[in-house]
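This briefing covers a ligand site and a set of charged side-chain pairs. Please read it alongside the model.

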Amino acid sequence: MTPTNENLFEAAGRVIAGGVNSPVRAWKSVGGDPVFASHAKGSRIYDSTGKEYIDYVLSWGPMILGHAHPDVIDAICQATRHGTSFGAPTDAETQMAKLISEAIPSIQRVRMTSSGTEAAMTAVRLARGHTGRKKIIKFDGCYHGHTDSLLIKAGSGVTTLGIPGSPGIPEELAKLTLSLPYNDPSALEEAFQCYTDQLAAVIVEPVAGNMGVVVPQEGFLKKLRELTSENGTVLIFDEVITGFRFFFGGYQNLIGIEPDLTCLGKIIGGGLPVGALGGKKEIMEQLAPTGDVYQAGTLSGNPLAMSAGIATLKILQWKAASYKSMSDLADGLCQEMEKLFAGHGIAACINRIYSMFTVFFQEGPVNDLNSALKSDTGLYARYFHGMLKNRIWLAPSQFEAGFLSFAHTAEDMERTLDACSKTLKNL
Ligand SMILES: *Cc1c(COP(=O)(O)O)cnc(C)c1O
């Protein structure tokens, strides 16, 4: 007998804290028991009872080629037969670093990690080591993994230092992180005036994906580059989502702004646990062993992870033209969805950039966390469950991005619109 999702979640809860290994998977913000995945192929994901869904989560971004791409699977299998971990350098790591640094010119040196969290954590430590300063700036609604210094909520007012985003984070540490509104150059200027010689780093998602998709407004990132350069502050672009998502390179290439350090993850691991930190040679070489800022990892640059990452990046490089078709499909989908929402008299604001989008249940515009939070999350939950019933797999939270892959087709878009239309009728 096939166990139901309910059975599986109950069993998981008896041995796993909260039944999941990452909180969003528990569906707390949409309600109900999470659907357990069994396998996936291309644009489709299958649950433990055999139901097929069109997947717009794609493991939260990494599966840009679609699930179980044959070349990626072959590369992993081949690597596996040669041994799964050595704790010694391998040529695959050099190949991976070359692919990354050739695609993103600001990255002159790379260090591989096992997660995006580690990349961001190391970026902050390195910026502090490099500048000899303590304070950092992040932006409300941006997520950089769950490291203490970056899991911080805004204090009240622009120049009030941050408060812990979770119990267990010391206030003393939270006070070193300033959290500012996204897309607000004057808040930035004020903060730099107030803490001129104290700011080690500014870390930003150059396109925000973790409050739902929020696109940087004209001049915001440029102002950020100017202020950080003038003040000797390290500018960190967290491109864990945006790296290789829009074309073969980083979002920084598209806008012509070079950060000092870049965090990568998700896509570059091809579905295996990977992160990377890269940037200017003179900063990166301050990491041990050439420098004295410590960073390490037993499984960093792991041969299976490198094989999946290299295979993924090579296919992306080769099939670069597919980025345009993927973006065009997303454009068409979002335009048609906008019409459906309007036709049903439901307020919806769709933020889209290339193949990445969020439907916010509100009039909009959504330019920062405060505006994102005006969304009707109850309505989102009903929409989510309606779409799921119609076999569309969306993120179980209003404040997440949806993604397309190279494997999504025009027929997938039609089925999605049909599901959307059915869902809206019963909303
Ligand atoms: C997912 C994400 C991270 C964290 O990566 P993990 O691999 O989950 O640790 C960091 N920054 C951004 C922008 C992300 O989306």
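The notes below treat the ligand site and then the salt bridges.

This is a predicted model, in which local features need pLDDT of at least 70, side-chain atom pairs count only at pLDDT 80 or more, and totals for chains, interfaces and linings use all residues. Residues are numbered from 1 along each chain as its sequence is written, and side-chain values use heavy atoms, with hydrogens and water left out.

- A polar side-chain atom of Asp238 lies 2.7 Å from a ligand nitrogen, and a side-chain N or O atom of Asn210 is 3.1 Å from a ligand oxygen.
- The protein buries 83% of the 380 Å² that the ligand exposes when taken alone (Shrake-Rupley method, 1.4 Å probe).

**Salt bridges**
- The structure holds 13 salt bridges (a side-chain nitrogen of Lys or Arg within 4 Å of a carboxyl oxygen of Asp or Glu).
- Arg44 and Asp412 form one of them, at 2.5 Å from N to O; the partners are 368 residues apart.
- Arg44 is buried at 13% relative accessible area, and Asp412 is buried at 1% (buried is under 20%, exposed over 50%, partly exposed in between; 1.4 Å probe, protein chains only).
- Glu336 and Lys339 also meet in a salt bridge, at 3.0 Å from N to O.
- Glu336 is partly exposed at 34%, whereas Lys339 is exposed at 53%.
- Salt bridges with shared partners join Arg44, Glu52, Asp412 and Arg415 into one network.

How values were computed:
Polar contact = N/O pair within 3.5 Å; in protein donor to acceptor, adjacent residues only side chain to side chain. Helix = DSSP H or I, 4+ residues; strand = E, 2+ residues; numbered from the N terminus.
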